[in-house]
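Biologist: Please put the model up, and I will ask about its residues in turn.

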Amino acid sequence: MPSRLTVATVSTGLATFAVLYAPQPVLPQIAAEFGLRPGTASLAVSAATGALALAVVPCAVLAERVGRRRVIVWSVLLAAVIGLVLPLAPSYPAFLGLRVLQGVATAGIPAVAMAFLADEAAAIGAAIGALIAGNSAGGMIGRLVAGIGTDWIGWRGALAVVAGFALACALVTAAYLPAGKPTSRREAGLRSALTDPVLLALYAVAVLGVSAFVSLFNVVAFRLALPPGLASLVFLAYAAGGACSAVAGRLADRHGRAVIALAALAVTASGALVTVPDSLVAVGLGLAVFTGGFFAVHAVASAWVGARATAKGPASGAYLFAFYLGSSAGGTAGSTAYQGWGWTGLVVLVVGWLALAAVAVVSAGRGSARREPGAHGSAGQEPAARGPAGGEPAGRGPARHEPAGRGSAGHEPAGRGSAGHEPAGRGPARREPAARGSAGQERAGRESADPERAGRESAGREPAGRGSVGQKSSGTATGSPGSIGVAPRIGRSTVPAVTATDTDRASAGTSTTTATGNVSPP
């Protein structure tokens, strides 16, 4: 059974986006009643999204002063109540004024909801997923109800029904949303969010992508010239968007964000081109592909902002500002292009915007590559966890360390001498930790063929209880009575059994003769 927080989260998304985009499918009816052209009629959507973009940051600041829960509840309730008044507007300017107020009221949701869930939810990913699902479902339900309802009760009555649905969801939010924790000091870092070239490129992707998306959907009802109920069915394409955004996120983790974002932009442009023929099937199929590609781009870009930003709150706010600014200004620009150039001209403009977005993605990818060093800090350095294995200096490259299966971890290839020892001319021999070289790592039947190591290599002794071990690099063993001339081998090289520290050798009562490599009894 879903938790109270999940129920409140979904209800918030349903209410907010149902009223925000409800006028979109009935723009032709609004234009007919007020004597408007498509570009002017599109302001019914752009006025709200533009006001939302301008109010996002102030609402976020207000929430830190008065509490996030209070801002969320009042925002969703005010947006729904304004939606009930909206059908009563006597003129188009009054209608636009109410839409501006509705956009300001709605801004409290995207500005605060994710930060609230990050503090309150036990499973943050699931909670934010529920919010996004509510947003998508609310946007689709609002459009479908408004479009289908217009056939029965006119566009004013249909918008009132949507507002009633939103008010019911808002009341559920007020009843179920937890009180929340006290807010802490607002995160600093707006300067970095507005000066990082990679983030600026991603904001450009948001502006250009959503401009293309909203432009097509603002005027598709004008292009189809169908009854509102039937024309609104194209908004079922939103279902493809939810599925594609989830898939794109997983693919971006596997193949890289820039690659998947570019592929998604190509899919988006292809979908727009498919809508050019005068065929209802082509328009429907093209819009489904177009919507899936756009949501994939949006998912990858927004996740990229979160991964890149050092101050995630300000960067997220800046991204939302760019997103809704594009929805407002870009949507109106696209609608104006449609009334001047027709659908084909609009598609050309949309593809151009998407091409510019691809350039911004390439720029962001290059900027990320310059900032993020290699996984090991610099080329050729091994991870810190490998420690002093072999004593290799930085820059010698990982080729010095071979995978397990050639002895024990940290041993050098055959011909390099014993584990951790350098070839001739490399300086004094290095010792491995105790766990790296023991007499138990022997490969029977192989002989050491490198007598030149005598006089260069140090030898250790087996841990206490294993006996005294005398080892010579030449493959022979000498020692005074009581010593055992057995040398473990790896490949063709003799591996001296050493201890971790000189203290261990002292406690075993042995001394090392550097010239011969033998371990002499006391």
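Biologist: Is Phe294 buried or exposed?

Modeller: This is a predicted model, in which local features need pLDDT of at least 70, side-chain atom pairs count only at pLDDT 80 or more, and totals for chains, interfaces and linings use all residues. Residues are numbered from 1 along each chain as its sequence is written, and side-chain values use heavy atoms, with hydrogens and water left out. Buried means under 20% relative accessible area, exposed over 50% and partly exposed in between, with a 1.4 Å probe and protein chains only. The relative accessible area of Phe294 is 6%, so Phe294 is buried.

Biologist: Why does Tyr92 with Phe95 count as a stacked pair?

Modeller: Rings of Phe, Tyr and Trp (its six-membered ring) pair if their centres lie within 6.5 Å; planes under 30 degrees apart count as stacked, over 60 as edge-to-face and the rest as tilted. The structure holds 17 aromatic pairs. In the pair of Tyr92 and Phe95 the centres are 6.2 Å apart, and the pair is stacked because the planes are at 10 degrees.

Biologist: Where do Tyr92 and Phe95 lie?

Modeller: Tyr92 counts as buried at 7% relative accessibility, and Phe95 does at 0%. They are 3 residues apart, about one turn of the helix, and both lie in helix H6.

Biologist: Which kind of aromatic pair do Phe294 and Phe295 form?

Modeller: The ring centres of Phe294 and Phe295 are 5.5 Å apart. With 75 degrees between the planes, the pair is edge-to-face.

Biologist: Which side chain does the side chain of Asp196 make a polar contact with?

Modeller: Asp196 is in the loop between helix H9 (190-195) and helix H10 (197-224), and is buried at a relative accessible area of 12%. A polar contact is a pair of N or O atoms within 3.5 Å; within protein, one must be able to donate a hydrogen and the other to accept it, and residues adjacent in sequence count only if both atoms are side-chain atoms. At 2.9 Å, the partner side chain is that of Arg308.

Biologist: Which residues is Thr150 in contact with, leaving aside its neighbours within four places in sequence?

Modeller: Thr150 is in helix H8 (residues 124-176). Contact means heavy atoms within 4.5 Å. With those neighbours left aside, the contacts of Thr150 are Val26, Gln29, Trp155, Ala158 and Pro228.

Conventions. Helices (H or I, at least four residues) and strands (E, at least two) are DSSP runs, numbered from the N terminus.
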